[in-house]
Structure formats: C-alpha cells, structure tokens
Amino acid sequence: MATSITSVPDAGPVVGSRSFLQRLREGDEIARLITFLFAASVVLVTILLVYALWHDSVLARHKFGMAFFRTSLWDPIAEQFGALPFIYGTLVTAAVALFIAVPLGIGAAIFLAELAPARLSDTLEFFIDLLAAVPSVIYGVLGIFIVVPLMRLYIQPALKSTLGFLPMFKGPAYGVGFLTAGVVLAIMVIPFIISVSREVLMSVPRDQREAALGLGSTRWESTWKVVVPFARTGILGSIFLALARALGETMAVTMVIGNTPTISASLFSPGYSIAAVIANEFTEATGDLYLQALIELGLVLFLLTFILNGLARILIVATSQRGSGTSHA
Amino acid sequence: MKRIGTVLAVALSLLLCVWAQGALSITGAGATFPNPIYTKWFDEYHKLKGNVEINYQSVGSGAGIRQVTDGTVDFGATDGPMNDEQLKAYQEKHGFPILHFPTVLGAVVPTYNIPGVTASLNFTPEALAGIYLGKITKWNDPAIAGANAGVNLPGNDMVVVHRSDGSGTSYVWTDYLSKVSDEWKSKVGKGTSVNWPVGLGGKGNEGVSGLVKEQPNSIGYVELIYAAANNIAYGNVKNAAGKFVKANLSSVSAAASGAAKEIPDDFRVSITNAPGAQSYPISTFTWLLIPEKIPDAAKRDALKGFTKWALTDGQNLVESLQYAKLPKPVVAKELKALNQIQ
C-alpha cells in the first residue's frame, strides 16, 4: 500500500489566462482531464474496496459487534469468531520486523549514501533492488529451510540462556512463531528501507553538507546532525512503506508463524496473522457467517493499515513543523 | 496477393473448424485433493471426444460448493459431502436438487518424526484422539506404548502438527476423530477448518510434512497420495475390527466395500472407521457435484458421458496416481443415478 496520496495536478499559472476552448485545443485540458481521471481512479478503487468489505461482512458485523475485536475464540464449527489473536499476531510480527529492520536499513542507507565510494554504492544498490523484487514465497521457503532451523537450534536457545528471565523469551522453542515471522519480515522489508532512504539522503543538497563542514564539523557530524535530520521525512516515509508491507505480508508469514491463534507474551510462541488466516481459510470457508467473518478480518486489516498510515502522516507533519531543513546549517 | 488471400481463407476456415470443434466447453471447480486424477481424466477424455473440453479449477471444496451454488460453474467437486443446509440453499436457489457422485477414494495417514525410531508405529483411535486433544503429550504414554511393544519411545514432549489451511484432508481426519472419540465430537467437531485444541499449523501437505521433518518428536497427518509420492513413512491405524492396518490402495478400497452395502441413495456417506478386517479406517470418497437439471442438452450429454466414462474406463487410470478404485457395487449404483440428470 503506497503511503503517498496522489493529488490532483495543478494546472499552474496558465489557468485563467486563456479560454477553455483554447486550452482544449492545445491539449492542456485533455491532459489535465486524463491525468485527473487516473488520479481519481485510485480514490475510487479505495472506496469500492471499503464498500465491498463493509457490505460483504454485514452478517458477521451484526452478530459479533465489538466482541469481534475483544474475543479470541476462532471456531468455524461452532461459528464463533473473534479476531484478537490475529490482530495481536499482525502487530507483534510487524513490530519485531521494524525493530530489526529500521536500525539495519537506515545504517546501511547512510553508509551507501554518505560514506561508500559511488561505484560500490551503485553496485550494492543493484543487489538491494533485486532483493526487493524477490517474490515473497521465496522468502517463505528461505524461512522454512534456513531461518526456522537456525532459530530452533541456535538463536532461541541462546536468547533463552541469556535473556530467559524476560517473558518475551520464555517457553518451548519450536523455531516457528512470532520471532521467526518477525525476522523473515525484517529480511523482506530491509531492501525497501535502504533503497528509499538512500535516495532521500542522496538528494539532500550539497550546500547543507558543505556548510556543516565549513563550520568545522567532522564528516560523521555533518552526516548525523545535518544530513539525516534534513532527510527525516523521507526516511520516515520509507519506514512506513516497510510497515505497510509487513502488515499485509501473507505467504512468507504463514509459512513460518506456526498458524495457531494464540496471544502470548513469549515471542517463541506460535501465532497467527490476519493476512495468513484469510489466505489459509478463505477457499474452504463454507457457510455465510464463516466467510463473512473472514471478510471482516480483511476490513480490520484495512483499518489497521489506515490508522497506522494516518499516524505516520501526523508524525511526519509534526516533525517537519519542527523546522526540518530550514533552521539547520 | 491472390496467394495471401487463399492462405488467409484456409487459415480462417481452419480456425472456424477448431472453434466449432471446441465449442463445447464445460467448467468445474472445487476440491484440490482429486485434482491430479481429474486433470488426467479431462485430458484423456478430450483425446477420446475431441469436441468436449472440460476446464477444472482446483480452488478448494468450499469454493467449489459456493461456485456451483451460485451457478458460475457447470459442476462442482468436494472432499466432504454438502450438508443439509447447503443442499437446501441449492434447492431454494435453483428449484431442483444437486447430486453427489463419488469418483475415487483417498486416505489420510499419520506421519511422525521420532529420532531413533524407524519402526512403523501402530496407532489406536484413542491414542490419535488423545494426541490431538492435547491429553497425550509424550511419546512413551501408555496409550501409544501399549500398541507398540518393543519400540523404544522417548519421554520427550510431543509436537502436534495439523493443517492450517481449510482442506478436505482435515475434514476426513476430524470426521474420523469425531467417530472414535465422543470428547472430540463434542469439543471440536468435524470440518475443513476447526478450532484445534493443540498444535502448530502447516499450510498444505507440504507444510505439514515440512514441520514434521523439522521438529523432533512430532506427529502430523497427510494425504496418502502425498506420502506415497514423497516416500514419507507413516503409521498403521487400528480399524473398527480391531486390526492395525497400513493404508494402501487395497485397504482403502476395502473400506469402501465395507461401507458400500449401506451406501445411501444420495451417496453422501462417510467411510471413516468402516467395518471389515482389511479396511483402513481413515478413508474417504471424493465427490462430483452435478445439478439434476441441465437445460443445455449438449452440455448435459457431455457431462453425463464423461461421468459414465470416469466411473468405468476411467477407473483404470486412477491407481497409477495412487488413488483407490471405487468398488463395483458403488459404480453400478452411480450409473443408475446418472439417469436422474435431465
């Protein structure tokens, strides 16, 4: 899901200076109309999507009401549906993924944009773009055959023996679960963070750096105190792009999360996510209420993405009001 | 110029011929379990009758039932028979009933991974129900060890694996557990997806067998055709006659023969825990769902013709793909029922 909202293109200062017919003949108005339609279609698709999800989940919404968000029983036979474990699983795996991916991704982007020789930076960027284009099922396979055994045999026992006093690292280690799903998601979203953040960092004007260096700061000080804050908005954008991908990821998550609707403080515990349960159960869902409960889950996922994106916008506005790029240097 | 015109005319007439030949296209959707044999059947039948082309989407039993009820496909296919509610919904929507036709047989087998144990384990119904209810948590539990004298079973915690996606395989497995355990029946029930009391979920047969391979001291269940195709070792299950039976083509067919005597007229019957000393107890039919009335005469004849062929000559193709043949009395009864389609 794209974080940017497409706005209607402004026709610019030309508007009003010529008659409508004139503009039409010269193609301006036609171009304006066509591009407007393209932009409007994005909004239209979103509205239709919400309408379809809302309309097709009416039975489930009426039957369960707010209890859908509060209860954790998911029993297709008894037709009792509660979404809480799935919401929990979606949020926890996305949080774990960002916890790992954000420092790694931004660190790598800073190196590529500021410190690495241009040639090395371009070569690495090629590989990063390649990683971003790998289908998610491939990451799932990688997860099953490499990450899960690594987790079960080495990482989880190591975490248990060192940080085992924390509730996060207690319980039996199966290899599959919240932590593994978070790690696989982190691997998947890091390329997004690196790629976008690197572009943003590289587009910071040269004079910002030169001014910082001129004032006597070191290379690292100019990077960390001037360039990174200047690019803050764009970097945040890359993080939210990564978050959106982590929330909606289906295939790779379902292959490594354990597919058990549980709410547990332990990251070793198997769990379930919204996207995974929809993918798993949709085709075999018999009975209207069951199907509608799954569609309502889709609505919940949409809502989660919407809320988190909204928070992201607010955060971006709030931080840029503190004078990003205006009062520095 | 003239030559080009001739070539074009020939090409066009050829195209028209092909188009007229392939004019009869029948679409179906449903179960994934019989997809390999259905694909083969449709292909072979197309070679026999060039004018009939059947397209099948293996979208899952639930989706198959939905699509045939909505009328978006000509026939459906399912691993678990439609329930009374679904039949009623169909009748109300179309004004006539939909018919079930068993096509082949399959089975579900328990598979496990216990380090150091290579013997083929015996499972009692009580042990399987206990394991999946979460009451039996260790391999050396008397309920398992009692049926496996001489096998050195470890005292480690067991990892239970089930299907995470809705599937006919889970339907058969839970149908069996419901028959042999009252507690399972009242607490969990049978269905393509259930609220599993314990265990990890794997997506598809490959997901379950992958988790079983990966986790020491684990148990899971997969389709017989999958286990056979991938050389996965599996256990024996105690049948209704008290014998431990290994699933194979003959023990699965035996289960159908055991149940065939009392097969109802609408063929909606579960053959899990079937009587007979040779019967493998976790076996199942898989069904085609065909509307009783098909207004398009050409389509009706083609679909009836295909079903008849699949039940007779087509049965000779099934064993090469590890499906079990239908017993003769069932085929005879089905051929009679085919006449109901008008």
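Chain B has 13 helices and 11 strands, taken as DSSP runs numbered from the N terminus (helices are H or I with at least four residues, strands are E with at least two). This is a predicted model, where local features need pLDDT of at least 70, side-chain atom pairs count only at pLDDT 80 or more, and totals for chains, interfaces and linings use all residues. Residues are numbered from 1 along each chain as its sequence is written, while chains are lettered from A and ligands numbered from 1 in the order written.

**Overall picture**
- The C-alpha trace of chain B spans about 85 × 45 × 35 Å along its principal axes.
- Of its 342 residues, 50% count as buried (20 or more other C-beta atoms within 10 Å of the residue's own, with C-beta atoms placed from the backbone).

**Around strand E8**
- Strand E8 of chain B (residues 218-223) is mostly covered, with six of its six residues buried.
- E4(B), residues 98-113, runs antiparallel to E8(B) and is joined to it by six bridges; here B:Val108 sits opposite B:Glu223.
- E6(B), residues 159-163, runs parallel to E8(B) through two bridges, with B:Val159 opposite B:Ser218.

**A helix pair**
- The axes of H12(B) (residues 297-311) and H13(B) (residues 328-338) come within 10 Å and cross at roughly 175°; axes are lines fitted to C-alpha atoms over the stretch in contact, with angles from 0 to 180 degrees between N-to-C directions.
- The two helices are therefore roughly antiparallel (an angle over 145 degrees).
- H12(B) brings B:Lys304, B:Thr307, B:Lys308 and B:Leu311 to the contact, and H13(B) brings B:Val331, B:Glu334, B:Leu335 and B:Leu338 (contact means C-beta atoms, placed from the backbone, within 7 Å).

Note on methods
Parallel < 35°, antiparallel > 145°, perpendicular 65-115°, else oblique. Contact = placed C-beta atoms within 7 Å. Buried ≥ 20, exposed ≤ 12 C-beta atoms within 10 Å, placed from the backbone. Pairing = 2+ DSSP bridges.
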